[in-house]
Amino acid sequence: MWLSPFLPFLLYLVVGAAAGAVDIELVSRTEDEDLERCLNDAVGGDKDRAQFPDEALYQLRDVKPLNLDIPVTPAAVTYPKTTEEVAEVVRCAVKYRRKVQARSGGHSYANYCLGGAGSTAVVVDLGHFQKFEIDRASWIATMGAGTLLENSEKRLHENGNRIISQGVAPQVGLGGHASIGGLGPLGRQLGAAADQVVEVEVVLANSTVLRATKDENKDVFFAVLGAGASFAIITEYKFQTSPEPGEMVRYTYNVTTGDAKTLAKTFKAWNKLVSNPDLSWKFASTLTILDRTININGIYFGPRSEFDSLNIEAQLPSGPKLELFIMDDVIGKIGQTLEDIGLHLSGSQASFYAKSLAFTPSTLMNDKAIDALFEYLEKSRKDALLWFVIFDLSGGYINTVPRDERAYPHRNVLYFMQSYAITLGRVGQTTRDFLNGINRLIVDNVPGVGGAYAGYVDPFLENAQQEYWGPNLGRLEKIKAEIDKDDVFHNPQSVRPATP
Ligand SMILES: Cc1cc2nc3c(=O)[nH]c(=O)nc-3n(C[C@H](O)[C@H](O)[C@H](O)COP(=O)(O)OP(=O)(O)OC[C@H]3O[C@@H](n4cnc5c(N)ncnc54)[C@H](O)[C@@H]3O)c2cc1C
Ligand SMILES: *[C@@H]1O[C@H](CO)[C@@H](O)[C@H](O)[C@H]1NC(C)=O
Ligand SMILES: *[C@@H]1O[C@H](CO)[C@@H](O)[C@H](O)[C@H]1NC(C)=O
């Protein structure tokens with residue numbers, strides 16, 4: 001063609017870019033257009049259900065990152081309505097070599113539902129997956145992966161006064177929660193959210209739709225219940241539900257304006273109380289440290305008379321009083337303790353950083369670590385609008401589930417620590433150093449302590465996969481190599497395929 005010698009020059013004028021970059025620019029533009037076309041078709045040609053960065057309201061309406069400290073502009077946000085549409089969206093992403101992440105509640109601390117920092121993934125929003133059914137013989141409930149925790153609680157209550165053990169934040173999605181573990185006050189009695197799942201429907205990287213149970217497609221079942229984001233998109237769960245508890249006792253105990261010594265004494269008493277191997281599984285407990293303050297609270301899932309026989313008040317330092325509330329209705333109340341002390345991150349957007357650490361009966365906080373912690377909290381520099389450190393009792397039934405049944409690996413943890421700092425504007429190094437310092441002083445004083453909960457994403461964690469999945473990581477990497485060797489389901493800390 002006569003024009004062809006001039007074509008690069010013309011393109012140079014049109015695109016206004018350096019001549020060398022022109023060809024690449026052109027290719028990627030048409031490829032983006034092809035991806036857009038493919039995704040539009042995947043959701044039945046419904047323009048509203050496939051959104052792209054050129055939309056004016058893309059960030060505000062479609063991306064909506066939870067953590068404002070981690071900007072991300074995914075290639076597309078899609079809103080499929082059926083499992084087949086999910087499979088088609090995955091097919092498009094694979095064809096145009098994009099990573100894929102599902103979004104259910106959008107509550108990943110590091111925006112992993114959007115692919116994480118700097119990602120150009122295709123996002124599969126599961127908001128339309130709201131199926132609810134309950135079998136009144138087996139009491140197995142089928143729930144769409146887009147169900148938020150507040151709605152699973154409500155729907156189970158209204159359909160036979162049933163319950164599952166799950167976390168306390170109403171806006172968290174079952175999709176990301178039960179696929180990472182899912183820890184809450186009923187965990188000691190009923191297990192993590194993942195432990196109650198008896199069946200899943202998933203879409204794999206090659207767009208195959210399958211169902212998995214502990215007997216059928218075993219490896220998929222194992223992998224998605226603790227490391228789901230790395231392996232598949234879960235569209236539906238079946239949960240074994242339990243009857244709601246009857247009478248419950250909510251308790252709180254506060255030390256306010258305490259100095260480091262007083263706070264350390266209170267922590268030591270709690271540490272002793274919860275490390276009693278005979279402690280009832282009906283007893284849930286959280287110790288929260290804020291500026292010069294400790295709040296101990298939780299629920300006893302049983303009648304007042306049983307709670308009284310535990311003699312909790314006598315095991316805590318005298319001075320502050322134990323305050324009790326008797327409840328016999330679970331709806332919206334189990335999570336209330338957190339809301340009460342203003343810790344509710346509420347699901348609204350903020351800039352924050354968080355870290356976690358796991359403690360087993362042989363690596364619990366000891367007196368030296370406790371003294372060092374409170375001295376550090378009093379003296380260290382902080383740049384945060386708000387910070388808090390939570391110690392959350394786990395164990396009980398969770399630790400009876402065999403480690404090879406589900407990817408969630410923390411089967412000997414007695415409690416987890418989570419630390420948070422919320423900042424005005426971006427999270428600075430001072431704030432990160434402040435939280436890193438907490439972990440460091442504990443590691444220095446508690447031999448063998450380690451491990452982190454993948455549900456409390458720490459994007460700066462070194463050796464993250466090992467910390468998150470520990471003894472289950474090797475098997476997960478092998479399964480990854482089998483079912484997603486090209487690493488389609490990917491975020492900055494997802495399981496990578498084993499190398500042959
Ligand atoms: C305010 C707040 C309170 C919290 N409280 C608790 C708590 O009490 N207990 C606890 O255990 N955790 C808690 N978490 C952590 C929470 O469980 C995790 O962040 C969880 O992953 C969020 O799930 P999501 O669907 O809301 O998030 P998303 O951001 O939508 O997803 C999180 C990750 O899971 C993946 N994912 C989402 N849906 C699916 C799916 N259907 N199939 C496969 N992968 C999927 C995403 O790709 C992403 O990688 C809390 C988090 C917040 C922000
Ligand atoms: C502890 O503090 C919380 C939040 O301020 C409050 O709701 C609760 O009643 C307090 N409990 C006691 C025993 O003072
Ligand atoms: C899709 O992947 C699964 C898991 O690796 C495999 O069993 C199945 O045969 C694959 N299907 C196709 C059509 O390739």
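1. A quick definition to start: a charge sits over a ring if NZ of Lys or CZ of Arg is within 6 Å of the ring centre and within 35 degrees of the ring normal. Arginine 250 does this with phenylalanine 325, lying over its face at 4.7 Å from the ring centre. Arginine 475 also has its charged end over a ring, that of phenylalanine 222, 3.7 Å from the centre.

2. Some housekeeping. This is a predicted model, where local features need pLDDT of at least 70 and side-chain atom pairs count only at pLDDT 80 or more, while totals for chains, interfaces and linings use all residues. Residues are numbered from 1 along each chain as its sequence is written, chains are lettered from A and ligands numbered from 1 in the order in which they are written, and side-chain values use heavy atoms, with hydrogens and water left out.

3. On to the aromatics. Rings of Phe, Tyr and Trp (its six-membered ring) pair if their centres lie within 6.5 Å, and planes under 30 degrees apart count as stacked, over 60 as edge-to-face and the rest as tilted. That rule gives 22 aromatic pairs. Take tyrosine 251 with phenylalanine 307, which are stacked at 5.8 Å centre to centre with 25 degrees between the planes. The two are 56 residues apart, tyrosine 251 in strand 12 (residues 248–255) and phenylalanine 307 in helix 10 (residues 304–310); helices (H or I, at least four residues) and strands (E, at least two) are DSSP runs, numbered from the N terminus.

4. One aromatic cluster is worth a look: Tyr109, Phe352, Phe388, Tyr408, Phe416, Tyr420, Tyr453 and Tyr456 form it. Tyr453 turns up again at ligand 1, where an N or O atom of its side chain is 2.7 Å from a ligand oxygen.

5. More on ligand 1. It has 33 residues around it, and Ala102, Ser104, Gly106, Leu183 and Tyr453 come nearest (a residue is near a molecule or strand if one of its heavy atoms lies within 4 Å of it). An oxygen of ligand 1 is 3.0 Å from a side-chain N or O atom of glutamine 101, and a backbone N or O atom of glycine 173 is 2.8 Å from a ligand oxygen. Taken alone, ligand 1 exposes 950 Å², and the protein buries 95% of that (Shrake-Rupley areas with a 1.4 Å probe; for residues, only the protein chains shown count as cover).

6. Strand 10 is one of the elements supplying at least two residues to the shell around ligand 1. Glutamate 236 lies in this strand (residues 233–240) and counts as buried at 8% relative accessibility. Its side chain makes a polar contact with that of arginine 211 at 3.0 Å; such a contact is a pair of N or O atoms within 3.5 Å, and within protein one must be able to donate a hydrogen and the other to accept it, with residues adjacent in sequence counting only if both atoms are side-chain atoms.

7. Ligand 3 is surrounded by Leu204, Asn206, Thr208, Glu482 and Ile483. The protein covers 36% of the 360 Å² of accessible area that ligand 3 has on its own.

8. Last, the backbone. Arginine 97 has a positive phi, near 55 degrees, and is exposed at 65%.

Terms used
Buried < 20%, exposed > 50% of the residue type's maximum accessible area, 1.4 Å probe, protein only.
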